[in-house]
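I am opening a page on a chain that is new to me. The entries below follow the order in which I looked things up.

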Amino acid sequence: MERSIATRQDIPLLMSLLEIKGVSMQFFADGKEMVALQDINLNIEENEFVCFIGPSGCGKTTLLRIVAGLEEATEGTVTLDGDPIKGPGPERGMVFQEYSLFPWRTVIDNIVFGLELKGIPSAERLAQGRQYLKMVELERFEARYPHELSGGMKQRVAIARALVNHPKALLMDEPFGALDAQTRNIMQSELLRIWQEERKTVVFVTHSVDEAIYLADRIVIMSARPGRIKDIIDIPLARPRNRTSSEVNLIRDRILCDLRSEIATC
Ligand SMILES: Nc1ncnc2c1ncn2[C@@H]1O[C@H](COP(=O)(O)OP(=O)(O)OP(=O)(O)O)[C@@H](O)[C@H]1O
Ligand SMILES: [Mg+2]
């Protein structure tokens, strides 16, 4: 009888940058078990811009924290370039909703924090930090402290601070959620410009359907608790996108229908 022998052809040739396989997450609170995420499977490609959207409490932040290595999944694996994620690392930059800058550090000292941890000499880290300060158009604010900045400016600093470490993936949890509508639109355009310049993979959580359609290559819609992937929508529209075109309106209707059907059939 012939035995099958694994050959090179059996090894998949194409590996995605991020591979989320069978990820589930349970929390224990007040003596009860709560399933926050259930069997999440998703591959995210290099340079892809993926947005997650879903009802509050469906596990978006939990999933992002698992990818960041800040939380360990109860089941399943996440790999980056084939390597299992076991903790935080500079190849995954995180930007949070709440302004997470160090208040006692100046703008430039916030940006170069990760370079300091790596032991990069001061002149070199200043040069690298200034490059990203320029990218987010805050050169004039180099010596200011976070309390002297607007919300949009603080998030620009947070983006520069993540990018200076040359991450492969930028993980963003409602980064523009606290901004006014006008600033938010500007920040979305700025982020797309930076994404196009730096060619990063972006995983972006939002509650705004319009924001997701403006930004994403793919939108992942999650169901209410326990969080599962309900739908994945490709957005093949060229950028910059017209926020009110008929194509955008059709996609918006589909997403809103998906989200509404979590509580009723539409
Ligand atoms: N450390 C924790 N311990 C216990 N329960 C938790 C913990 N972290 C999150 N949860 C629970 O897991 C569920 C998912 O939380 P998560 O913050 O991921 O939701 P979310 O989709 O990001 O919500 P939102 O849109 O409101 O930010 C929630 O019910 C939350 O209460
Ligand atoms: Mg959240």
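Which residues does C51 touch, not counting residues up to four places away in sequence? I noted F204, A212, L215, A216, R218, I219 and V220. The model I am reading is a predicted one.

**Entry 1: around C51**

I placed C51 in strand 3. I then looked up its accessibility: the relative value is 0%, under the 20% cut-off, so C51 counts as buried. I also checked a pair of C-alpha atoms, those of C51 and V205. They are separated by 5.6 Å, although the two residues are 154 residues apart along the chain.

I traced an open sheet of 6 strands and wrote down the order 6-7-8-3-9-10. Its pairing is mixed. As a reminder to myself, strands of a sheet pair through backbone hydrogen bonds, either parallel or antiparallel.

Which strands stand at the edges? I found strand 6 (92–95) and strand 10 (229–234) there. Each has a single partner strand, so one side of each is left without a neighbour in the sheet.

I went through two of the pairings. Strand 6 runs parallel to strand 7 (residues 169–173), and 4 bridges join them. G93 has L170 of strand 7 as its bridge partner. Strand 9 and strand 10 pair in the antiparallel sense over 5 bridges. I221 has D231, in strand 10, as its bridge partner. Strand 9 and strand 10 also form a hairpin, with 6 residues between them.

I found an open sheet of 4 strands with antiparallel pairing, in the order 2-1-4-5. Strand 2 (32–44) and strand 5 (83–84) are its edge strands, and each pairs on one side only. I counted 9 bridges in the antiparallel pairing of strand 1 (residues 18–29) with strand 2. V23 stands opposite I40 of strand 2.

**Entry 2: helix 1**

Which strands of the 6-strand sheet does helix 1 (residues 60–68) touch? I listed strand 3 (49–53), strand 6, strand 7, strand 8 (201–205) and strand 9 (218–222). The direction of helix 1 makes about 155° with that of strand 7.

Helix 1 lies across strand 1, strand 2 and strand 4 (75–80). It runs at about 120° to strand 1.

Helix 5 lies across strand 6 and strand 7, and I noted about 170° between helix 5 and strand 6.

How do helix 5 (residues 151–163) and helix 6 (residues 181–198) pack, and at what angle? I read an angle of about 15°, with the axes 11 Å apart. Angles under 35 degrees count as roughly parallel, so helix 5 and helix 6 are roughly parallel to each other. Helix 5 passes helix 6 in a right-handed crossing.

From helix 5, the contact takes in G152, Q155, R156, I159 and L163. From helix 6, it takes in T183, I186, M187, E190, I194 and E198. I sorted the residues of this contact into 5 nonpolar, 3 polar and 3 charged.

Note on methods. Residues are numbered from 1 along each chain as its sequence is written. Chains are lettered from A and ligands numbered from 1 in the order in which they are written. This is a predicted model: local features need pLDDT of at least 70, side-chain atom pairs count only at pLDDT 80 or more; totals for chains, interfaces and linings use all residues. Side-chain values use heavy atoms; hydrogens and water are left out. Axes are lines fitted to C-alpha atoms, for helices over the stretch in contact, and angles run from 0 to 180 degrees between N-to-C directions. Helices (H or I, at least four residues) and strands (E, at least two) are DSSP runs, numbered from the N terminus. Angles under 35 degrees count as roughly parallel, over 145 as roughly antiparallel, 65 to 115 as roughly perpendicular and the rest as oblique. A crossing is left-handed if the near helix is turned anticlockwise from the far one by less than a right angle, and right-handed if clockwise. Contact means heavy atoms within 4.5 Å. Ala, Val, Leu, Ile, Met, Phe, Trp, Tyr, Cys and Pro count as nonpolar, Asp, Glu, Lys and Arg as charged, and the others, Gly among them, as polar. Two strands pair if DSSP finds at least two bridges between them. Buried means under 20% relative accessible area, exposed over 50%, partly exposed in between (1.4 Å probe, protein chains only).
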